[in-house]
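Dear colleague,

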Amino acid sequence: MTSSDEDIEWFDDEGKRVDGREKDDLRETEMEVDVLTEADGSAMVEVGNTRVIASVFGPQELHPKHLQESDRAVIKMRYNMAPFSVDDRMSPGPNRRAKEIGLVAKKALEPAIEMEKFPTAGIDISMEVVESDGGTRVTGITAAALALADAGIPMKGMVSATAAGVVDETPVLDVNGKEDKEGNADIPIALINYDEDGEHTGEEITLVQMDGDLTQEQVEDCIELAKDGCRQLHEMQQDAMLEKYRQLRGGDE
Amino acid sequence: MSRVKEEDDLVTPGDLITDADALSAVSGAYEENNKIYSKHLGTVHYSGQEVEVRPMSGRYMPSEGDTIIGEVTRVSYSRWTVEFNSAYEGSLNIADATDEYVDLDEDDLSDFYEVGDAVVIKVKSVTDGMDVDLSMKDKRCRKLEGGRVIEIAPSKVPRVIGKQGTMVKQINEKTNCNIIVGQNGQVWISGDRANLAARAVKKVEREAHTENLTDRMSEWLEEELEAMEDE
Amino acid sequence: MKLNQDTIREMAEDGQRLDGRDLKEMRDIKVETDYINETSEGSALVEIGDTKVLVGLSIEIEEPYDDRPGKGTIVTNAELAPMARRDYESGPPQEDGVELARVVDRGIREAEAIDLEDLCMVEGEKVYTVFIDAHVLNDDGNLIDATSLAAMAALKSGYLPAYDEETETLNRDEKWKDIELQCEPITVTGHKIGDTLLWDTTGEEEKALDARLTVSKKKDGNIVAMQKGETQPFTADEMSQIMTEADEKIQKFREILEAEVGE
């Protein structure tokens with residue numbers, strides 16, 4: 001069903017990608033915090049046509065008891081794709097792929113969280129993909145970090161994530177569904193971001209995965225692209241978090 | 001000494017607040033490489049040599065001396081278990097519940113407090129492992145009857161109470177209600193205009209970080225009361 | 001908290017509610033269709049107060065059942081997403097999600113909202129299956145009404161994609177035709193606390209709920225489906241009262257649908 005990488009015109013005469021972007025452009029991204037009232041924290045992130053809602057409950061009592069850790073919290077992470085989130089309907093409920101994604105997403109966020117603050121407790125994070133067009137796990141991680149901040153969970157920095165890829169031998173940032181499925185590689189990356197007086201820093205990469213067939217140089221280029229993508233996403237996360245409070249204050253922050 | 005963020009500034013996790021120098025990071029902030037960063041989405045506060053960040057939200061962490069509102073969820077042989085909207089539950093032992101003599105074999109603990117009872121209760125002690133002991137021995141402690149309990153973020157409790165209780169007193173007076181604010185964010189409201197009082201409390205919670213809130217709440221309450229008269 | 005449940009019951013006896021609404025008053029209702037426009041052939045996000053339900057249609061092409069070679073299928077499914085409420089994390093009883101799906105489905109099916117023969121592409125070989133997938137995002141009560149409204153809005157604004165006979169697959173970028181509804185059933189639920197009947201209960205009120213009766217009606221006023229829920233009984237009079245009071249609510253839902261999707 002997939003045509004090979006060479007059959008598709010990945011870049012037009014002006015070097016624009018199939019959706020009109022430059023090779024180092026993120027798709028149009030929107031973020032909103034506090035979208036659900038029942039959850040302790042929540043956020044929705046849209047990157048292009050990929051839309052993920054994340055929620056956080058916690059710290060709360062963890063069941064069953066034998067899973068409790070006496071000196072820190074335990075994270076339970078769920079990643080799920082709604083049946084209508086893809087063209088050909090997906091059966092409801094997390095499958096094996098979803099379980100793996102849940103695990104790597106948890107590992108992407110945990111290093112930023114002050115786990116020792118909540119001995120024996122549980123933090124439940126959930127990511128629901130309502131629309132999918134590539135980059136669902138990284139969009140989910142970006143949304144989950146916002147939901148954690150919205151829930152007041154202490155973190156040393158904000159985790160953001162994006163995927164770089166290669167099409168037509170060229171590293172590109174934020175692969176969409178088509179580029180992911182039929183391109184040459186998909187490299188999702190997450191890192192912990194800091195803001196030092198307006199200057200972004202962040203070298204701690206907490207998620208790396210790769211599907212593809214690339215030279216080391218290409219991989220390294222992709223990583224650099226992804227790092228810059230994460231930085232851009234971090235700025236948007238900051239805006240989304242402060243937005244709600246800025247309005248109430250009179251917008252003079 | 002260079003401050004990047006000033007008193008009352010809004011910050012997000014990972015934001016640099018100030019060079020550490022002589023300052024130390026306390027709750028909500030942390031120090032690394034001689035710099036102090038925020039752990040939360042919240043507001044910055046300087047106090048003497050300390051820097052803290054007060055988060056906008058976050059579930060309650062029990063702390064010694066707090067007066068909270070909870071619900072009895074279990075009655076055991078010699079104690080009660082009380083939950084209070086936290087990851088941790090608390091134990092109330094007989095000795096801390098009553099001065100009356102209780103014969104464990106004869107008397108039924110449910111006579112004092114039964115499952116489902118709502119109480120104003122004090123946090124007596126909290127261990128490192130988060131074992132929480134509670135006590136009813138404080139004049140504010142009591143069983144609650146009637147009324148309703150609503151939830152606000154624990155970090156907003158000080159604002160809802162106000163300096164020397166001015167904010168909650170204002171709401172009480174204007175709505176003719178009785179309000180008890182638990183440090184854990186559970187707020188008990190009783191009275192005819194309880195719904196208005198509840199909305200007032202939620203409004204203070206939402207706008208806690210703004211200025212002139214006391215005056216604006218006064219105006220808002222007046223407007224709402226007038227609107228109710230017209231109905 | 002039990003204290004709140006006790007107060008809700010007491011207030012209900014006097015016709016009062018915690019949030020100041022009248023017994024028959026519904027919270028603010030919002031409907032947004034085409035919420036999922038890239039991957040779904042029809043969708044709607046419905047908010048009733050803080051309750052949020054998302055319904056997305058997925059259309060597939062399949063072989064018909066042997067005993068109905070000229071008819072397509074409708075399948076309704078409901079997910080109570082763990083994010084919707086704190087106690088969902090430990091998993092609500094699976095029956096709750098199943099009941100929700102079946103109640104929503106029954107109203108649509110019994111009213112014959114969709115002519116299943118309309119979904120036939122090639123008799124005996126290829127028919128359309130319309131999957132109605134409901135995803136509950138935030139549960140603050142009255143899920144049945146919100147989900148049914150979202151399902152109806154999704155169907156009303158949905159379409160069937162074109163079928164490519166050569167490749168024997170669906171071309172999702174091309175529309176064959178809009179989904180035609182022969183009939184638009186609307187489903188609403190009356191609730192009972194003590195001896196008081198009330199509408200559109202919040203999550204808090206539902207913890208004090210004794211019984212509920214869901215009623216689905218067509219435009220001509222006929223009832224096509226009913227479901228009683230919770231543990232206490234209804235009297236016949238109470239049920240009649242709910243069926244009558246339902247009309248006003250149903251009218252309101254129809255107006256909201258019309259405003260969003262048109263006739």
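Predicted model: local features only at pLDDT ≥ 70, side-chain atom pairs only at ≥ 80, totals over all residues.

Residues are numbered from 1 along each chain as its sequence is written, and chains are lettered from A and ligands numbered from 1 in the order in which they are written.

Chain B as a whole

The C-alpha atoms of chain B fill a box of roughly 65 × 55 × 25 Å along the principal axes, and the secondary structure of the chain comes to five helices and 16 strands, where helices (H or I, at least four residues) and strands (E, at least two) are DSSP runs numbered from the N terminus. Chain B is divided into domain 1 (10–55), domain 2 (67–144) and domain 3 (148–230), with bounds that come from an automatic or database domain assignment. The centres of domain 1 and domain 2 of chain B, taken over C-alpha atoms, are separated by 36 Å.

Of the 231 residues in chain B, 43% are buried; a residue is called buried if 20 or more other C-beta atoms lie within 10 Å of its own, exposed if 12 or fewer, and partly exposed in between, with C-beta atoms placed from the backbone. Among contacts in chain B between residues at least 6 apart in sequence, 56% join residues at least 24 apart, a contact being two residues whose C-beta atoms, placed from the backbone, lie within 7 Å.

In helix α3 (residues 166–175) of chain B, the residues B:Met167, B:Val168, B:Ile171 and B:Thr175 are buried. They lie on the same side of α3(B) because they cover an arc of only 95 degrees around the axis, the arc being that of the directions from the helix axis to the C-beta atoms. On the other side of α3(B), B:Thr166 and B:Glu173 are exposed. The cover over the buried residues of α3(B) includes α2 (157–161), β15 (178–181), α4 (194–206) and α5 (213–230) of chain B. After α3(B) comes B:Asn176, with a positive phi near 55 degrees.

Strand β15 of chain B also belongs to an open sheet of three strands, in the order β14-β16-β15 and with antiparallel pairing, where two strands pair if DSSP finds at least two bridges between them. Its edge strands are β14 (148–151) and β15 of chain B, each of which pairs on one side only. β14(B) pairs with strand β16 (residues 186–190) of chain B in the antiparallel sense over four bridges, and B:Glu151 has B:Gln186 in β16(B) as its bridge partner.

Nine residues of chain B are in contact with eight residues of chain C. By class, the side of chain B that touches chain C has three nonpolar, four polar and two charged residues; Ala, Val, Leu, Ile, Met, Phe, Trp, Tyr, Cys and Pro count as nonpolar, Asp, Glu, Lys and Arg as charged, and the others, Gly among them, as polar.

The contact between chains C and A takes 29 residues from chain C and 25 residues from chain A. On the chain C side, β3 (51–62), β4 (73–80) and β6 (126–138) each supply at least two residues.

In chain A, six of the eight residues of strand β4 (residues 74–81) are buried. β4(A) pairs with strand β5 (residues 121–131) of chain A in the parallel sense over eight bridges, and A:Asn80 stands opposite A:Glu128 in β5(A).

With best regards
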